[in-house]
Amino acid sequence: MSLSTSLSIAVQSLNAASGALQITNNNIANANTPGYTREVAVLQEAGSSSDGSVSLGNGVEFGGYQSIRDELLQTRIEQETQTQSGANAQLTSLQAIEPTFTTSTTDIGTEMSALFSSISSLSTDAASSTLQQTVLASGQKLATAFNTASSTLTSQQSALNTQVTQDVNEINQLSQQIAALNPKIANLKAGGQSDGGTLQDQQDALVLKLSALTNVSITQSDIGETLTTGDGTALVVGAQSYALQTSTGTDGMEHVLNQSNANITSSLTSGDLGGTIQIRDTTIPGLLTSLDTLANQFATAINTAQASGYDQNGTKGGDFFTASGSATSITAASITMAITDPAKIASSSDGSSGSNGNLANLSAVQTTKLPSGETPGDAYASMVYQVGSLTSSANAESSAATSTLLQLNDQLNSVSGVSTDEEAANLIQYQQAYEAAARVVTTIQSLFSITMSMGTNAAA
Amino acid sequence: MIPDVQYAMQQSQQNLSAALQQVSTGLRVNQLSDDPAASVNLVKSLATSANIDQYTSNVTSVLSQMQTADSAISSIVTSLNTAITLGTQGATGTNSTANRAAIATQLEGLLTNIVGNANTSFQGASLFAGTATSTEPFVAASTTYTSSNGSTASPLTTATGLNAGSVTTISDATTGETMTFTAVTGNSIATLQSAVASAVSAGTLSAGTTATINAAGQLSISTNSSTEGLVVSSNDAALGAMTAASGTEVADAYAYVGNSNVNKVQVGDSLSVATNLPGSNLLTSGSNVIGALNSLITALKSGTTDEVTTATSAVQTALNSVSNQRISLDGTLSQLESQESYLSQETVTLKSVQTSLVGANLADAATNLSAAETTNSAVLAAAAKAMPNTLFDYLK
């Protein structure tokens, strides 16, 4: 046991204290950095050595820093993020569609009622050209309401289609970045560190962003994190990232393909991409089909009623509604008026201009079931219900996921978050340790001086 | 802790906005997702309301129309009563020819009034023409009608073909009935002739009415008495338009050229009312009112006392017929009036259903708003208190 050994132990202490102070400093600096996992100093007792029969300690070893992580919590947060993003994507789209089916002065339900009211009004004076004009105007407004609803849905679908391409590009970028980090982290771990530290923080942040986009499964191995999506398509394996592609399908929509050109679109079920695909490929096409069916069957029923009567000129009634432009069949987008001359409304049942007998057939369309099995009003009401309840569900799911995420993040924060109070206490602790070690050095130094001046007269 | 505080403030703010929206719109359901089931029921209820509103409007229009009709019939009844009094007067043996002539003139005036009333229109449509409302139903009759086609150079013949689907009508002022002939492929003027003959046997047309080719090569349809008149119309291109031969007009004779069809208007989900009384039902079924008056005038001018008495009782029969018809009209009028009050009750009921579906109870909404404001203030105050002091504040 010598003074120089004591000195080197003291110097080690100084290093340890200053290393710990640096870590504390780093924690405080990154207290508000998102995704930062707090570090603690790894301080170990240095192996003891024996001096004859006495075993003496050799001071402290500063073993670097360790990040305090909870991988299970992190995984749960990633999963909940997928759910929340998916629900949010659906909610945003549905909220854009909701107004089309909400009662206003121009929605389909209101305009349909207005058309039947105008027909009933005409029955009180079948030859009145004012009342005839009102019927034509109502018919046109209804056709316009159908056109508008259809175009709102298709343009929403189009916007979602663009979103799919953007999401896929983002996924590919993130995959690349994650893959780039894998070998670096693997090296660090091979070099003896148990944890990837700051690099792991970065990778976790990227994986969280990826979770917001699509459903991912994560597995750990010694080559790093392996990420797969959908039906098992690999995104990241070790240092290698695999890009997804989009290609336009026969339905005009962007489909997502994996590296072997297999179509994995339907297996992407959560995250922003999953939610977007759900609305684009299932919800909106369903609504469009219902809308087109209603427009077509309604127009056909009205046209049939027209054909069973006579107009003001005594001629058999012609079509009331038709398909516009080059469309071959009447759909919600193509429905328009076939009549512009008020005299062509087939109100008469006996050929004379004052007869209103055929208007009863036109009015009957309101209460007769269409081939789809519901009256026009009920068919429209079913669509209203569908949109309302889908939106309500997406809202509920989104709120629930947000609330769960909040709880999970709180839990994670209590484990990995920086508590400035704790760091302040640590600062004091390491400051005192440094001061104490410095005092040891000073003491040893003065002991050296005394030793040096032992046996000389200079110290008299 | 900060994210918790932020979340709490966000939630509180959202609740405050929702409460404010309810109070300012008065609605509990502002978008479909607020209550999908209520939203759907609202859609259906509004459709029912729209129908009820329309029925209410229809009742008003129809009432207006039928009250005008009733008023015209009322005038006709008054005129007929006067005619009967005059006829009875004219049948008393003490009347001289001059007196009878004077009475006949008065009766002619009454007849003009009655025809005028029978030709009443409402908003441009004849009230008593059945569904042929664009023309007046009672038209002055003539003994002879001729076709515009046919001339001495190229006369029509009995073999001249008629176009399939063409319609020729002969309305008789004396019988008050109308013969309608619709041609089919292969028909000719000869077919029309035998149709006329059948109509005469059936009593639809007066005895002696014939269809012949006249000296000018035209088709001529005529009665065989100068006091019996017809109105003829045809849309057959082979004949051209049928017009009254000049100078053949019969005084005080009017034929009915409308039809007997009835329009119905829906004034309730399962209630439709007939809105017109065809002139044929009103004035010619049972007996021909105008024809009876015409006979009375003729009897007074040139007939015996017995003939005047007979003619007067024919007018009485006619009046009874009109009164009967009027009963059904009055029945419809009172049905409409009670439907009116039923519909206004329904309107109120539906409105309150709709309010209960999506309306906000304003007292509750105002209370909720005030509670939300209080909560919001409390959350903000708590957040301020909870913003942590750190140890640094104390390590001076």
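1. Two residues are in contact here if their C-beta atoms, placed from the backbone, lie within 7 Å. The model is predicted, so local features need pLDDT of at least 70 and side-chain atom pairs count only at pLDDT 80 or more, while totals for chains, interfaces and linings use all residues. Residues are numbered from 1 along each chain as its sequence is written, and chains are lettered from A and ligands numbered from 1 in the order in which they are written.

2. Ala212(A) lies in helix H5 (residues 197–213) of chain A, where helices are DSSP runs of H or I with at least four residues, numbered from the N terminus. Leaving out residues up to four places away in sequence, Ala212(A) touches Thr81(A), Ser85(A), Gly271(A) and Asp272(A). Its C-alpha atom is separated by 8.5 Å from that of Leu273(A), 61 residues apart along the chain. Ala212(A) counts as buried (20 or more other C-beta atoms within 10 Å of its own), because 22 other C-beta atoms lie within 10 Å.

3. A nonpolar core is a set of buried Ala, Val, Leu, Ile, Met, Phe, Trp, Tyr and Cys residues joined through C-beta atoms within 7 Å. In the largest such core, of 89 residues, Phe146(A), Ala295(A), Ile302(A) and Val384(A) touch the most other members, and helix H4 (residues 129–190) of chain A gives the most to this core, with 17 residues. A second, separate core of 78 residues includes Ala173(B) and Leu319(B).

4. Between the chains, 37 residues of chain A are in contact with 35 residues of chain B. On the chain A side, H8(A) gives the most, with 13 residues.

Terms used: Helices (H or I, at least four residues) and strands (E, at least two) are DSSP runs, numbered from the N terminus. A residue is buried if 20 or more other C-beta atoms lie within 10 Å of its own, exposed if 12 or fewer, and partly exposed in between; C-beta atoms are placed from the backbone.
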